[in-house]
Amino acid sequence: MSLIHRLQLVVLQKQMELQRLTPVQIIFPMPRQTKDESPSAELLNSIDTVQNVDGDARADSASDTVQNIDGDARANAASDSDVQEQVEVVDVASGSPLPGMKQQLDESVTIPKATIDILKDQVFGFDTFFVTSHEPYEGGILFKGNLRGVPAKSFEKITTRLQNKFGDEYKVFLLINPEDEKPVAVVVPKQTLEPATGAIPEWAAAAVFGVVTIFTLLLRNVPVLQDNLLSTFDNLELLKDGLSGALVTALIVGVHEIGHILAAKDVGVKLAVPYFVPSWQIGSFGAITRIVNIVRNREDLLKVAAAGPVAGFSLGFVLLLLGFILPPSDGLGLVVDPTVFHESFLLGGLAKLILGDALKEGTQLAINPLVLWAWAGLLINAINSIPAGELDGGRIAFAMWGRKISSRLSSVTIGLLGLSSLFSDVAFYWVVLIFFLQRGPIAPLSEEITEPENNYIGIGVAILFLGLLVCLPYPFPFDPSQLTDFDL
(Lines give C-alpha, C1' and ligand atoms only; values in the text may rest on other atoms or scores of the structure.)
Protein backbone atom coordinates (compact mmCIF):
# COMPACT_ATOMS: atom_id res chain seq x y z
CA MET A 1 0.00 0.00 0.00
CA SER A 2 1.39 3.41 -1.02
CA LEU A 3 2.11 6.14 1.50
CA ILE A 4 -0.68 8.34 0.07
CA HIS A 5 -3.18 5.55 0.63
CA ARG A 6 -1.94 5.13 4.19
CA LEU A 7 -2.29 8.85 4.85
CA GLN A 8 -5.85 8.76 3.52
CA LEU A 9 -6.63 5.95 5.93
CA VAL A 10 -5.15 8.00 8.79
CA VAL A 11 -7.45 10.90 7.92
CA LEU A 12 -10.41 8.53 7.65
CA GLN A 13 -9.74 7.12 11.09
CA LYS A 14 -9.58 10.61 12.60
CA GLN A 15 -12.92 11.49 11.02
CA MET A 16 -14.51 8.28 12.33
CA GLU A 17 -13.15 8.92 15.82
CA LEU A 18 -14.67 12.41 15.80
CA GLN A 19 -18.01 10.93 14.71
CA ARG A 20 -17.99 8.56 17.69
CA LEU A 21 -17.24 11.37 20.20
CA THR A 22 -20.14 12.68 22.28
CA PRO A 23 -21.32 16.25 21.47
CA VAL A 24 -20.07 17.67 24.79
CA GLN A 25 -16.61 16.23 24.20
CA ILE A 26 -16.45 17.96 20.83
CA ILE A 27 -17.14 21.44 22.13
CA PHE A 28 -13.99 21.75 24.22
CA PRO A 29 -11.09 20.51 22.04
CA MET A 30 -12.51 21.68 18.67
CA PRO A 31 -13.37 25.18 17.40
CA ARG A 32 -16.90 25.74 16.23
CA GLN A 33 -17.55 24.51 12.70
CA THR A 34 -19.23 27.00 10.43
CA LYS A 35 -22.23 25.96 8.43
CA ASP A 36 -20.50 26.35 5.06
CA GLU A 37 -17.78 23.86 5.93
CA SER A 38 -18.37 20.41 4.50
CA PRO A 39 -16.81 17.04 5.42
CA SER A 40 -14.83 17.24 2.17
CA ALA A 41 -13.33 20.52 3.32
CA GLU A 42 -12.38 18.92 6.63
CA LEU A 43 -10.73 16.04 4.71
CA LEU A 44 -8.65 18.42 2.57
CA ASN A 45 -7.63 20.48 5.61
CA SER A 46 -6.62 17.36 7.46
CA ILE A 47 -4.57 16.07 4.48
CA ASP A 48 -2.81 19.44 4.21
CA THR A 49 -1.99 19.24 7.90
CA VAL A 50 -0.62 15.73 7.61
CA GLN A 51 1.54 16.65 4.63
CA ASN A 52 3.24 19.38 6.68
CA VAL A 53 4.49 16.88 9.22
CA ASP A 54 8.08 15.73 9.10
CA GLY A 55 8.49 12.80 6.68
CA ASP A 56 9.96 10.30 9.12
CA ALA A 57 7.53 11.04 11.92
CA ARG A 58 4.65 11.01 9.45
CA ALA A 59 5.59 7.60 8.10
CA ASP A 60 6.03 6.12 11.58
CA SER A 61 2.72 7.58 12.79
CA ALA A 62 0.91 6.42 9.69
CA SER A 63 2.36 2.90 9.95
CA ASP A 64 1.39 2.56 13.60
CA THR A 65 -2.11 3.92 12.98
CA VAL A 66 -2.81 1.79 9.90
CA GLN A 67 -2.08 -1.37 11.89
CA ASN A 68 -4.83 -0.47 14.34
CA ILE A 69 -7.59 -0.02 11.73
CA ASP A 70 -9.97 -2.98 11.57
CA GLY A 71 -11.18 -4.58 8.38
CA ASP A 72 -14.57 -2.92 8.38
CA ALA A 73 -13.06 0.55 8.59
CA ARG A 74 -10.74 -0.19 5.62
CA ALA A 75 -13.70 -1.40 3.61
CA ASN A 76 -15.68 1.73 4.36
CA ALA A 77 -12.82 3.87 3.05
CA ALA A 78 -13.34 2.63 -0.51
CA SER A 79 -14.49 6.00 -1.83
CA ASP A 80 -14.71 9.67 -0.83
CA SER A 81 -18.48 9.57 -1.18
CA ASP A 82 -18.71 6.92 1.53
CA VAL A 83 -16.68 9.14 3.86
CA GLN A 84 -18.96 12.10 3.20
CA GLU A 85 -22.04 10.03 4.02
CA GLN A 86 -20.63 8.80 7.33
CA VAL A 87 -19.23 12.05 8.74
CA GLU A 88 -21.84 14.01 10.71
CA VAL A 89 -21.43 17.78 11.02
CA VAL A 90 -21.88 18.89 14.64
CA ASP A 91 -22.92 22.54 14.95
CA VAL A 92 -22.45 24.14 18.34
CA ALA A 93 -25.52 26.00 19.61
CA SER A 94 -25.39 29.76 19.17
CA GLY A 95 -27.42 32.41 20.94
CA SER A 96 -28.08 32.28 24.65
CA PRO A 97 -31.13 30.36 25.88
CA LEU A 98 -29.78 30.88 29.41
CA PRO A 99 -29.23 34.66 29.53
CA GLY A 100 -27.99 36.12 32.79
CA MET A 101 -27.00 32.71 34.16
CA LYS A 102 -23.48 32.82 35.59
CA GLN A 103 -22.31 29.24 35.25
CA GLN A 104 -19.20 27.91 37.01
CA LEU A 105 -17.90 26.13 33.93
CA ASP A 106 -15.24 23.45 34.15
CA GLU A 107 -14.01 21.42 31.17
CA SER A 108 -14.07 18.30 33.33
CA VAL A 109 -17.85 18.69 33.74
CA THR A 110 -19.42 16.93 30.77
CA ILE A 111 -22.56 14.96 30.11
CA PRO A 112 -21.68 11.41 28.91
CA LYS A 113 -23.27 10.02 25.75
CA ALA A 114 -25.04 7.30 27.76
CA THR A 115 -26.70 10.01 29.85
CA ILE A 116 -27.76 11.91 26.74
CA ASP A 117 -29.41 8.75 25.38
CA ILE A 118 -31.30 8.28 28.66
CA LEU A 119 -32.44 11.92 28.54
CA LYS A 120 -33.70 11.54 24.98
CA ASP A 121 -35.42 8.18 25.41
CA GLN A 122 -36.53 8.06 29.04
CA VAL A 123 -36.73 11.60 30.42
CA PHE A 124 -38.20 13.28 27.36
CA GLY A 125 -40.76 11.47 25.21
CA PHE A 126 -43.73 11.58 22.88
CA ASP A 127 -46.03 12.73 25.69
CA THR A 128 -43.87 15.67 26.82
CA PHE A 129 -41.07 16.87 24.52
CA PHE A 130 -40.24 14.85 21.42
CA VAL A 131 -36.52 15.42 20.75
CA THR A 132 -35.53 15.88 17.11
CA SER A 133 -31.93 17.03 17.63
CA HIS A 134 -29.50 18.08 20.31
CA GLU A 135 -26.48 20.36 20.46
CA PRO A 136 -23.74 21.04 23.00
CA TYR A 137 -24.48 24.12 25.07
CA GLU A 138 -21.99 25.51 27.60
CA GLY A 139 -21.59 22.69 30.14
CA GLY A 140 -24.77 20.92 29.09
CA ILE A 141 -27.01 19.99 26.19
CA LEU A 142 -29.66 21.92 24.28
CA PHE A 143 -32.48 19.72 23.00
CA LYS A 144 -34.65 20.85 20.10
CA GLY A 145 -37.97 19.22 19.34
CA ASN A 146 -41.73 19.40 19.61
CA LEU A 147 -43.43 20.31 22.87
CA ARG A 148 -46.49 18.15 23.58
CA GLY A 149 -49.45 18.97 25.79
CA VAL A 150 -49.73 21.77 28.32
CA PRO A 151 -46.22 23.21 28.92
CA ALA A 152 -46.55 23.34 32.72
CA LYS A 153 -47.72 19.71 32.99
CA SER A 154 -45.14 18.48 30.47
CA PHE A 155 -42.39 20.24 32.39
CA GLU A 156 -43.58 18.68 35.64
CA LYS A 157 -43.39 15.20 34.08
CA ILE A 158 -39.92 15.88 32.67
CA THR A 159 -38.67 17.18 36.03
CA THR A 160 -40.06 14.15 37.88
CA ARG A 161 -38.44 11.70 35.44
CA LEU A 162 -35.12 13.55 35.61
CA GLN A 163 -35.24 13.43 39.40
CA ASN A 164 -36.03 9.70 39.38
CA LYS A 165 -33.18 8.90 36.99
CA PHE A 166 -30.40 11.18 38.19
CA GLY A 167 -31.46 12.70 41.52
CA ASP A 168 -30.15 16.26 41.90
CA GLU A 169 -27.29 15.83 39.43
CA TYR A 170 -28.90 17.78 36.57
CA LYS A 171 -31.21 20.78 36.11
CA VAL A 172 -33.64 21.11 33.19
CA PHE A 173 -34.98 24.37 31.72
CA LEU A 174 -37.92 24.65 29.32
CA LEU A 175 -37.36 27.89 27.42
CA ILE A 176 -37.88 29.75 24.17
CA ASN A 177 -34.95 29.58 21.76
CA PRO A 178 -33.96 33.16 20.80
CA GLU A 179 -32.92 31.93 17.33
CA ASP A 180 -36.30 30.68 16.11
CA GLU A 181 -38.73 31.47 18.97
CA LYS A 182 -39.51 27.76 19.42
CA PRO A 183 -39.50 25.76 22.69
CA VAL A 184 -36.22 24.13 23.66
CA ALA A 185 -35.07 22.13 26.65
CA VAL A 186 -31.67 22.77 28.21
CA VAL A 187 -30.09 20.27 30.62
CA VAL A 188 -27.02 21.35 32.59
CA PRO A 189 -25.16 19.82 35.56
CA LYS A 190 -26.38 21.45 38.75
CA GLN A 191 -22.85 21.97 40.02
CA THR A 192 -22.27 24.50 37.22
CA LEU A 193 -25.14 26.63 38.55
CA GLU A 194 -23.72 27.18 42.02
CA PRO A 195 -23.67 30.94 42.77
CA ALA A 196 -20.30 32.60 43.12
CA THR A 197 -19.48 34.24 46.44
CA GLY A 198 -18.04 37.74 46.73
CA ALA A 199 -15.06 38.88 48.71
CA ILE A 200 -17.19 41.17 50.91
CA PRO A 201 -20.19 39.70 52.78
CA GLU A 202 -23.46 40.98 51.36
CA TRP A 203 -24.80 42.04 54.74
CA ALA A 204 -21.76 44.25 55.36
CA ALA A 205 -22.10 46.08 52.03
CA ALA A 206 -25.87 46.35 52.50
CA ALA A 207 -25.35 47.87 55.96
CA VAL A 208 -23.10 50.58 54.54
CA PHE A 209 -25.66 51.44 51.86
CA GLY A 210 -28.38 51.46 54.52
CA VAL A 211 -26.55 53.97 56.72
CA VAL A 212 -25.93 56.30 53.77
CA THR A 213 -29.61 56.01 52.76
CA ILE A 214 -30.75 57.01 56.27
CA PHE A 215 -28.53 60.08 55.99
CA THR A 216 -29.94 61.08 52.58
CA LEU A 217 -33.53 60.54 53.78
CA LEU A 218 -32.92 62.96 56.64
CA LEU A 219 -31.10 65.39 54.38
CA ARG A 220 -33.89 65.42 51.82
CA ASN A 221 -36.37 66.70 54.42
CA VAL A 222 -34.22 69.65 55.56
CA PRO A 223 -34.47 72.31 52.80
CA VAL A 224 -31.85 74.54 54.44
CA LEU A 225 -29.20 71.84 54.10
CA GLN A 226 -30.28 70.89 50.59
CA ASP A 227 -29.56 74.41 49.44
CA ASN A 228 -25.97 74.05 50.66
CA LEU A 229 -24.88 70.42 50.84
CA LEU A 230 -21.34 71.33 51.85
CA SER A 231 -22.62 72.84 55.09
CA THR A 232 -24.34 69.61 56.17
CA PHE A 233 -21.47 68.25 58.26
CA ASP A 234 -21.13 71.57 60.04
CA ASN A 235 -24.84 71.51 60.97
CA LEU A 236 -25.61 67.88 61.71
CA GLU A 237 -27.97 68.89 64.50
CA LEU A 238 -30.37 70.20 61.83
CA LEU A 239 -30.88 66.66 60.52
CA LYS A 240 -33.31 65.98 63.36
CA ASP A 241 -35.73 68.36 61.65
CA GLY A 242 -36.04 65.87 58.82
CA LEU A 243 -36.82 62.89 61.08
CA SER A 244 -40.60 62.88 60.55
CA GLY A 245 -40.37 63.02 56.76
CA ALA A 246 -37.62 60.41 56.70
CA LEU A 247 -39.72 58.02 58.81
CA VAL A 248 -42.76 58.33 56.54
CA THR A 249 -40.78 57.77 53.34
CA ALA A 250 -38.77 54.95 54.94
CA LEU A 251 -42.01 53.33 56.08
CA ILE A 252 -43.33 53.23 52.51
CA VAL A 253 -40.02 51.85 51.19
CA GLY A 254 -39.88 49.30 54.01
CA VAL A 255 -43.43 48.08 53.37
CA HIS A 256 -42.48 47.73 49.70
CA GLU A 257 -39.60 45.40 50.61
CA ILE A 258 -41.71 43.45 53.10
CA GLY A 259 -44.19 42.81 50.28
CA HIS A 260 -41.41 41.25 48.21
CA ILE A 261 -40.23 39.12 51.13
CA LEU A 262 -43.68 37.74 51.98
CA ALA A 263 -44.52 36.93 48.35
CA ALA A 264 -41.13 35.30 47.80
CA LYS A 265 -41.57 33.12 50.87
CA ASP A 266 -45.01 32.05 49.64
CA VAL A 267 -43.73 30.78 46.26
CA GLY A 268 -40.37 29.44 47.43
CA VAL A 269 -38.13 32.17 46.01
CA LYS A 270 -34.98 33.10 47.93
CA LEU A 271 -34.01 36.77 48.05
CA ALA A 272 -30.61 38.22 48.89
CA VAL A 273 -30.07 41.06 51.35
CA PRO A 274 -31.62 44.27 49.94
CA TYR A 275 -29.26 47.11 49.03
CA PHE A 276 -30.95 50.45 49.73
CA VAL A 277 -29.86 53.04 47.18
CA PRO A 278 -29.31 56.58 48.54
CA SER A 279 -30.42 59.70 46.66
CA TRP A 280 -29.90 63.31 47.66
CA GLN A 281 -32.84 64.36 45.45
CA ILE A 282 -35.69 62.23 46.91
CA GLY A 283 -33.93 60.50 49.82
CA SER A 284 -33.71 57.01 48.33
CA PHE A 285 -34.26 55.14 45.10
CA GLY A 286 -35.56 52.07 46.92
CA ALA A 287 -33.60 48.86 47.16
CA ILE A 288 -31.84 46.43 44.82
CA THR A 289 -32.71 42.85 45.78
CA ARG A 290 -31.21 39.88 43.96
CA ILE A 291 -33.13 36.66 43.42
CA VAL A 292 -30.76 33.94 44.62
CA ASN A 293 -32.37 30.72 43.38
CA ILE A 294 -34.05 29.79 40.10
CA VAL A 295 -37.68 30.92 39.90
CA ARG A 296 -40.13 28.19 38.87
CA ASN A 297 -42.20 30.06 36.25
CA ARG A 298 -43.39 33.46 35.06
CA GLU A 299 -46.38 33.60 37.39
CA ASP A 300 -44.18 33.14 40.46
CA LEU A 301 -41.86 35.89 39.21
CA LEU A 302 -44.85 38.17 38.67
CA LYS A 303 -46.14 37.52 42.20
CA VAL A 304 -42.79 38.41 43.76
CA ALA A 305 -42.10 41.44 41.54
CA ALA A 306 -45.61 42.91 41.89
CA ALA A 307 -45.96 42.39 45.66
CA GLY A 308 -43.55 45.22 46.52
CA PRO A 309 -45.17 47.94 44.38
CA VAL A 310 -48.67 46.83 45.44
CA ALA A 311 -47.75 47.22 49.13
CA GLY A 312 -45.82 50.46 48.62
CA PHE A 313 -48.40 52.12 46.37
CA SER A 314 -51.25 51.12 48.70
CA LEU A 315 -49.67 52.63 51.80
CA GLY A 316 -48.37 55.68 49.93
CA PHE A 317 -51.77 56.42 48.39
CA VAL A 318 -53.53 56.20 51.76
CA LEU A 319 -50.98 58.52 53.39
CA LEU A 320 -51.27 60.94 50.48
CA LEU A 321 -55.05 61.15 50.90
CA LEU A 322 -54.66 61.66 54.64
CA GLY A 323 -52.21 64.47 53.97
CA PHE A 324 -54.71 66.28 51.79
CA ILE A 325 -57.61 65.74 54.21
CA LEU A 326 -56.03 66.20 57.66
CA PRO A 327 -54.96 69.68 58.85
CA PRO A 328 -51.28 70.19 59.75
CA SER A 329 -50.42 69.10 63.28
CA ASP A 330 -48.88 72.52 64.06
CA GLY A 331 -51.80 74.42 62.55
CA LEU A 332 -49.50 76.12 60.04
CA GLY A 333 -48.37 73.41 57.69
CA LEU A 334 -45.90 73.72 54.87
CA VAL A 335 -46.25 76.65 52.49
CA VAL A 336 -45.71 75.57 48.89
CA ASP A 337 -46.19 76.94 45.41
CA PRO A 338 -48.88 75.11 43.39
CA THR A 339 -46.35 74.39 40.65
CA VAL A 340 -45.06 71.51 42.79
CA PHE A 341 -48.26 69.60 41.98
CA HIS A 342 -47.52 69.80 38.26
CA GLU A 343 -44.61 67.39 38.74
CA SER A 344 -46.91 64.36 38.90
CA PHE A 345 -50.12 63.61 37.03
CA LEU A 346 -51.46 61.61 40.00
CA LEU A 347 -50.47 64.24 42.56
CA GLY A 348 -51.83 67.12 40.48
CA GLY A 349 -55.09 65.33 39.74
CA LEU A 350 -55.73 64.51 43.40
CA ALA A 351 -54.76 68.04 44.48
CA LYS A 352 -57.24 69.57 42.03
CA LEU A 353 -59.97 67.11 43.02
CA ILE A 354 -59.59 67.64 46.78
CA LEU A 355 -58.44 71.27 47.07
CA GLY A 356 -60.69 72.62 44.31
CA ASP A 357 -60.64 76.38 43.75
CA ALA A 358 -58.07 76.90 46.51
CA LEU A 359 -55.47 75.56 44.10
CA LYS A 360 -54.44 78.33 41.71
CA GLU A 361 -51.20 79.15 39.91
CA GLY A 362 -49.34 82.00 41.52
CA THR A 363 -51.15 81.62 44.86
CA GLN A 364 -49.20 79.87 47.58
CA LEU A 365 -51.04 77.63 50.01
CA ALA A 366 -50.29 75.74 53.20
CA ILE A 367 -50.56 71.95 53.14
CA ASN A 368 -49.87 69.12 55.51
CA PRO A 369 -46.22 68.07 54.95
CA LEU A 370 -47.50 64.48 54.91
CA VAL A 371 -48.52 65.16 51.30
CA LEU A 372 -44.93 65.67 50.16
CA TRP A 373 -43.58 62.84 52.33
CA ALA A 374 -46.10 60.38 50.94
CA TRP A 375 -45.53 61.63 47.39
CA ALA A 376 -41.79 60.93 47.79
CA GLY A 377 -42.62 57.35 48.78
CA LEU A 378 -44.96 56.99 45.80
CA LEU A 379 -42.27 58.35 43.48
CA ILE A 380 -39.75 55.79 44.77
CA ASN A 381 -42.28 53.02 44.09
CA ALA A 382 -42.99 54.42 40.62
CA ILE A 383 -39.31 54.58 39.71
CA ASN A 384 -38.90 50.93 40.69
CA SER A 385 -41.95 50.10 38.54
CA ILE A 386 -40.26 51.34 35.37
CA PRO A 387 -40.32 48.43 32.84
CA ALA A 388 -36.57 48.21 32.39
CA GLY A 389 -33.85 45.68 33.22
CA GLU A 390 -34.17 43.90 36.55
CA LEU A 391 -36.28 46.56 38.21
CA ASP A 392 -39.64 45.45 39.57
CA GLY A 393 -41.25 46.85 36.42
CA GLY A 394 -38.79 44.99 34.19
CA ARG A 395 -39.52 41.70 35.94
CA ILE A 396 -43.26 42.37 35.74
CA ALA A 397 -43.03 43.05 31.99
CA PHE A 398 -40.98 39.88 31.46
CA ALA A 399 -43.42 37.78 33.47
CA MET A 400 -46.43 39.09 31.53
CA TRP A 401 -45.10 39.27 27.96
CA GLY A 402 -42.01 37.09 27.78
CA ARG A 403 -38.33 37.73 27.26
CA LYS A 404 -38.39 39.11 23.70
CA ILE A 405 -41.06 41.79 24.17
CA SER A 406 -39.81 42.81 27.62
CA SER A 407 -36.26 43.17 26.28
CA ARG A 408 -37.43 45.54 23.55
CA LEU A 409 -39.59 47.47 26.02
CA SER A 410 -36.61 47.77 28.35
CA SER A 411 -34.44 49.22 25.57
CA VAL A 412 -37.11 51.78 24.66
CA THR A 413 -37.60 52.74 28.31
CA ILE A 414 -33.89 53.23 28.93
CA GLY A 415 -33.70 55.34 25.76
CA LEU A 416 -36.57 57.56 26.95
CA LEU A 417 -34.93 57.89 30.35
CA GLY A 418 -31.75 58.94 28.62
CA LEU A 419 -33.63 61.73 26.83
CA SER A 420 -35.35 62.73 30.08
CA SER A 421 -31.97 62.96 31.80
CA LEU A 422 -31.23 66.03 29.66
CA PHE A 423 -33.90 67.86 31.66
CA SER A 424 -33.96 66.01 35.01
CA ASP A 425 -31.08 65.11 37.30
CA VAL A 426 -33.25 62.39 38.88
CA ALA A 427 -33.70 60.73 35.47
CA PHE A 428 -29.95 60.99 34.81
CA TYR A 429 -29.08 59.41 38.15
CA TRP A 430 -31.59 56.62 37.58
CA VAL A 431 -30.60 55.76 34.00
CA VAL A 432 -26.97 55.45 35.10
CA LEU A 433 -28.01 53.18 37.96
CA ILE A 434 -30.08 50.96 35.66
CA PHE A 435 -27.39 50.75 33.00
CA PHE A 436 -24.60 49.71 35.34
CA LEU A 437 -26.46 47.70 38.00
CA GLN A 438 -29.92 46.68 36.85
CA ARG A 439 -30.03 46.41 33.06
CA GLY A 440 -30.24 42.60 33.14
CA PRO A 441 -30.80 40.25 31.46
CA ILE A 442 -33.14 38.51 33.87
CA ALA A 443 -31.86 35.06 34.83
CA PRO A 444 -33.72 32.14 33.20
CA LEU A 445 -36.73 30.61 34.89
CA SER A 446 -37.19 26.86 35.10
CA GLU A 447 -40.15 27.09 32.72
CA GLU A 448 -40.66 30.28 30.71
CA ILE A 449 -43.43 29.21 28.32
CA THR A 450 -46.56 29.21 30.50
CA GLU A 451 -48.19 32.64 30.86
CA PRO A 452 -49.51 33.89 34.22
CA GLU A 453 -53.23 33.89 34.98
CA ASN A 454 -55.20 36.89 33.75
CA ASN A 455 -55.86 38.29 37.22
CA TYR A 456 -52.13 38.53 37.93
CA ILE A 457 -51.54 40.10 34.51
CA GLY A 458 -54.20 42.68 35.40
CA ILE A 459 -52.33 43.54 38.59
CA GLY A 460 -49.08 43.88 36.66
CA VAL A 461 -50.62 46.22 34.08
CA ALA A 462 -52.17 48.32 36.86
CA ILE A 463 -48.76 48.71 38.54
CA LEU A 464 -47.09 49.87 35.31
CA PHE A 465 -49.96 52.28 34.64
CA LEU A 466 -49.92 53.70 38.17
CA GLY A 467 -46.16 54.19 37.98
CA LEU A 468 -46.68 56.10 34.74
CA LEU A 469 -49.27 58.37 36.38
CA VAL A 470 -46.85 59.18 39.20
CA CYS A 471 -43.91 59.94 36.90
CA LEU A 472 -45.69 61.91 34.17
CA PRO A 473 -46.28 65.65 34.79
CA TYR A 474 -49.72 67.21 35.19
CA PRO A 475 -50.09 69.36 32.04
CA PHE A 476 -53.32 71.25 32.73
CA PRO A 477 -53.64 74.59 34.56
CA PHE A 478 -55.40 74.42 37.94
CA ASP A 479 -57.39 77.59 37.27
CA PRO A 480 -59.91 77.07 34.44
CA SER A 481 -59.91 80.78 33.69
CA GLN A 482 -56.35 80.44 32.43
CA LEU A 483 -57.46 78.17 29.61
CA THR A 484 -57.29 79.89 26.22
CA ASP A 485 -60.63 80.33 24.49
CA PHE A 486 -60.71 79.48 20.84
CA ASP A 487 -63.27 81.00 18.52
CA LEU A 488 -64.95 78.34 16.42
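1. At 33% relative accessibility, K190 counts as partly exposed, where buried means under 20% relative accessible area, exposed over 50% and partly exposed in between (1.4 Å probe, protein chains only). The model is predicted: local features need pLDDT of at least 70, side-chain atom pairs count only at pLDDT 80 or more, and totals for chains, interfaces and linings use all residues. Residues are numbered from 1 along each chain as its sequence is written, and side-chain values use heavy atoms, with hydrogens and water left out.

2. K190 forms a salt bridge with D168, at 3.9 Å from N to O; the term denotes a side-chain nitrogen of Lys or Arg within 4 Å of a carboxyl oxygen of Asp or Glu. D168 belongs to the loop between α8 (151–166) and β3 (170–176), and K190 to the loop between β4 (183–189) and α9 (202–220), so the pair ties together parts that are 22 residues apart in sequence. Helices (H or I, at least four residues) and strands (E, at least two) are DSSP runs, numbered from the N terminus.

3. The structure holds ten salt bridges. Among them is the pair K113 and D117, at 3.3 Å from N to O. Both residues lie in helix α7 (residues 113–123), four residues apart, about one turn of the helix. K113 is partly exposed, at 43% relative accessibility, and D117 is partly exposed as well, at 30%.

4. A salt bridge also joins the side chains of D300 and R296, at 2.9 Å from N to O. D300 is buried, its relative accessible area being 2%. Elsewhere, a network of salt bridges links E135, K144 and E179.

5. Attention is drawn to E447, in the loop between α16 (425–438) and α17 (454–471).

6. A polar atom of the E447 side chain lies 2.6 Å from the backbone nitrogen of T450. Leaving aside neighbours within four places in sequence, E447 is in contact (heavy atoms within 4.5 Å) with P151, A152, F155, L174, R296, N297 and R298. R296 is also the salt-bridge partner of D300.

7. Turning to the rings, a search of the whole structure finds ten aromatic pairs. Rings of Phe, Tyr and Trp (its six-membered ring) pair if their centres lie within 6.5 Å; planes under 30 degrees apart count as stacked, over 60 as edge-to-face and the rest as tilted. F126 and F130 form a stacked pair, with 4.7 Å from centre to centre and 20° between the planes. F126 is exposed, at 59% relative accessibility, whereas F130 is partly exposed, at 28%.

8. The rings of F166 and Y170 have centres 5.3 Å apart and planes at 90°, so this pair is edge-to-face. F166 is buried, with a relative accessible area of 17%, and Y170 is likewise buried, at 5% relative accessibility.

9. Ring pairs also link F345, Y474, F476 and F478 into a cluster.

Notes: A polar contact is a pair of N or O atoms within 3.5 Å; within protein, one must be able to donate a hydrogen and the other to accept it, and residues adjacent in sequence count only if both atoms are side-chain atoms.
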